[in-house]
Amino acid sequence: MFRFDLATTLGREAHGFDPSGGFLDALRQDPVLSQVKLIAEPWDVGPGGYRLGEFPPPFAEWNDAFRDGVRKFWRGDAHSAQDMAERLLGSAGTFDRNGRRSWSSVNFVACHDGFTLADVTAYSEKHNEANGEDNRDGHQENYSDNCGEEGETEDTEIHLRREQRRRNLLTTVFLAQGTPMLLAGDEIGASQQGNNNAYCQDNAISWVDWSAADHVFLGFLRKAIAFRKAHPCLRQSWFLHGGKRQQDGEQDAKWLGLRGGQVNWRDPGLKGFCLVLRQSAEAPAYATDGDVVVLAFNGSDKAVTTRLPAPPEGRVWVRALDTAKPEAQKAVCRDTAQDIPASTIVAFETGELL
């Protein structure tokens with residue numbers, strides 16, 4: 001695997017960026033390099049440098065639109081649920097072209113540039129004074145939220161709110177179509193004290209303090225990763241467009257309102273939805289399987305009761321992942337009516353009918 005920093009530079013020709021430019025064309029024809037997993041950071045600082053979705057296959061690309069869209073949704077921004085839906089299906093509007101696959105979108109909510117995951121939930125403003133540039137450096141818009149108080153706090157309620165937000169953000173990464181990416185240290189709650197441009201800090205600001213690891217958060221993250229690994233419908237190569245599958249007539253992706261019925265996509269205050277996922281209708285017939293999950297995303301500040309669709313014949317729904325209850329074990333659903341707490345993701349899988 002090789003990641004190209006500021007990769008637009010590699011495709012610049014005399015007339016500007018060209019996805020069929022000399023270097024990119026040679027790279028894809030090389031007998032060795034063409035077999036390597038190639039990842040582009042699809043921007044540079046030159047004119048017209050932002051080229052998200054324009055790199056040729058077999059490149060995958062860092063998707064900063066995923067980062068910003070997911071942060072906005074869990075922060076509660078208006079119109080953010082509509083964008084969140086796009087990100088959950090691999091940002092198909094950006095990447096589904098030229099034969100590209102859904103893994104082309106590298107999904108993340110934090111990377112080495114910008115806030116760490118913990119700082120996304122603890123700081124509403126960047127604090128880069130230690131960098132010696134009067135806090136002028138670093139990304140200006142972070143779509144972060146301190147959850148009630150800037151920086152470190154003794155307030156237990158704020159701590160709980162931040163922990164919940166962190167679980168929501170990273171769980172979204174692992175439930176979305178595409179390639180998930182995790183910043184080292186985020187799994188244990190690492191902070192850079194609000195510094196979003198810490199490249200110049202070789203000290204406690206940028207170091208990962210393993211002795212201060214958040215083991216409860218780490219344990220939950222392992223569960224989220226295990227859930228993704230257990231369900232092929234979350235790791236598809238084909239994009240999902242709600243097409244009907246030949247084998248059973250079911251849609252490969254179906255949106256449901258949190259309280260039932262259809263989703264009102266025109267509602268600027270839309271705060272959540274349910275997403276039913278099956279194998280893509282574009283997959284060849286021989287690749288059929290019965291994997292199905294229901295994902296409930298409640299971005300509102302109130303609990304809601306959702307009604308799950310009927311499970312496949314001979315199966316029952318199992319409440320497998322709940323960001324409001326990080327240490328909860330899997331539980332069989334005795335009823336299709338299920339409570340979804342405020343600001344929570346709940347993921348359902350199927351189990352055997354006993």
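**View 1. The second largest pocket has a volume of about 380 Å³.** The model is predicted; local features need pLDDT of at least 70, side-chain atom pairs count only at pLDDT 80 or more, and totals for chains, interfaces and linings use all residues. Residues are numbered from 1 along each chain as its sequence is written, and side-chain values use heavy atoms, without hydrogens and water. A pocket is an open set of points on a 1 Å grid over the protein atoms alone, where a 1.4 Å probe fits, with protein on both sides within 12 Å along at least five of seven lines; lining residues have an atom within 4 Å of a point. Of the 15 lining residues, Met 1, Lys 37, Ile 39, Ala 60 and Thr 179 lie nearest the centre. Strands β4 (38–40), β5 (60–62) and β7 (179–180) each supply at least two residues of this lining.

**View 2. The largest pocket holds about 610 Å³ of space.** Its lining has 23 residues, and the closest to its centre are Ala 118, Asp 119, Gly 189, Ala 190 and Ser 191. Two or more lining residues come from each of α5 (117–120) and α6. The largest share, four residues, is that of α6.

**View 3. Helix α6 covers residues 156–175.** Its 20 residues should span 28 Å at 1.5 Å a residue, and its end C-alpha atoms are 29 Å apart, which agrees; the expected span is 1.5 Å times one less than the number of residues. In α6, 14 of the 20 residues are buried (under 20% relative accessible area, 1.4 Å probe, protein chains only).

**View 4. Asp 155 caps the N-terminal end of α6.** A side-chain oxygen of Asp 155 lies 2.9 Å from the backbone nitrogen of Glu 157.

Notes. Buried means under 20% relative accessible area, exposed over 50%, partly exposed in between (1.4 Å probe, protein chains only). A polar contact is a pair of N or O atoms within 3.5 Å; within protein, one must be able to donate a hydrogen and the other to accept it, and residues adjacent in sequence count only if both atoms are side-chain atoms. Grid points are joined across faces, edges and corners, and a volume is the space filled by probe spheres set on the points.
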